Amino acid sequence: DCSLVIDNVTQQDAGPYFFRVDFFDGQNYYNYLPVTQLNVTDFTDTPTIFPAEMAAGQPANVICSFNTTCNGTAPTLTWVTPADEPPSASHSVTQWGDTLTYTSVLSLTPALKHHGQKLTCRVRYPTVSSEQNLTMTVQYVPQNLSISSPNNVTNSWVRVKEGNSAAILCSVQSSPASNLMWRH
């Protein structure tokens, strides 16, 4: 077998390669042509995050995968999560033809405070890494109902003199946004 395997390729590995046979006497050899030129490009591959529907207080699984055709050094997939949500992930590798797919499934239970925070999946080789970010969209029921008015508000009562205008404002926090309406 005359295969050449270069693990952890760097820019210094770029250049011409050729197959050479050295004969037993140490002075005679034969170089086979053609020369093979190895070009090393920057690492631009990124993992892919498949978002899951997230509801406050409900367990969710977020999937990160990375495809490669290199079967040398295996990459490592890791997660960066909000500080109060320690990562709990399972990992697997599958192969389809020449493509290896590395998958990491992050299990978490998001809370309202995680809405808008970032999850990061990072793929790492010994000398290079890349990452993908996901901004969490956590669904939660309406809360923090607020009723206000430029008029006087006392114990949920708005006092307006007959014949005047009344402006009563209502707001609530929820995800997805709530549909608010007044009824009389």
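Colleague: Where is Phe23 placed?

Modeller: Phe23 belongs to the loop that lies between strand S1 (15-22) and strand S2 (29-38).

Colleague: How should the confidence of the model be read?

Modeller: Where pLDDT is low, the predicted coordinates should not be read in detail. For this protein the average pLDDT is 87, and 96% of the residues score at least 70. Confidence is lowest in strand S12 (residues 152-154), with a mean of 64, whereas strand S3 (residues 48-50) has the highest, at 96.

Colleague: Let us turn to the sheet. In which order do the three strands of the open sheet come?

Modeller: Strands of a sheet pair through backbone hydrogen bonds, in either the parallel or the antiparallel sense. Here the order is S4-S11-S14, in an open sheet with mixed pairing. Strand S4 (54-55) and strand S14 (169-175) are the edge strands, each pairing on one side only.

Colleague: Do S4 and S11 pair in the parallel or the antiparallel sense?

Modeller: The pairing of S4 and S11 is parallel, over two bridges. In this part of the sheet, Met54 stands opposite Val138 of S11.

Colleague: Over how many bridges do strand S11 and S14 pair?

Modeller: Strand S11 (residues 138-148) and S14 pair over five bridges, in the antiparallel sense. Gln143 has Gln173 in S14 as its bridge partner, and Tyr140 is partnered in S14 by Ser175.

Colleague: Is Ser175 buried or exposed?

Modeller: Ser175, in strand S14, counts as buried because its relative accessibility is 9%.

Colleague: Which backbone oxygen lies 3.4 Å from a polar atom of the side chain of Ser175?

Modeller: That oxygen belongs to Val138. Val138 is also the residue that Met54 stands opposite in S11.

Methods:
Residues are numbered from 1 along each chain as its sequence is written. This is a predicted model: local features need pLDDT of at least 70, side-chain atom pairs count only at pLDDT 80 or more; totals for chains, interfaces and linings use all residues. Side-chain values use heavy atoms; hydrogens and water are left out. pLDDT is the predictor's confidence in each residue, from 0 to 100. Helices (H or I, at least four residues) and strands (E, at least two) are DSSP runs, numbered from the N terminus. Two strands pair if DSSP finds at least two bridges between them. Buried means under 20% relative accessible area, exposed over 50%, partly exposed in between (1.4 Å probe, protein chains only). A polar contact is a pair of N or O atoms within 3.5 Å; within protein, one must be able to donate a hydrogen and the other to accept it, and residues adjacent in sequence count only if both atoms are side-chain atoms.
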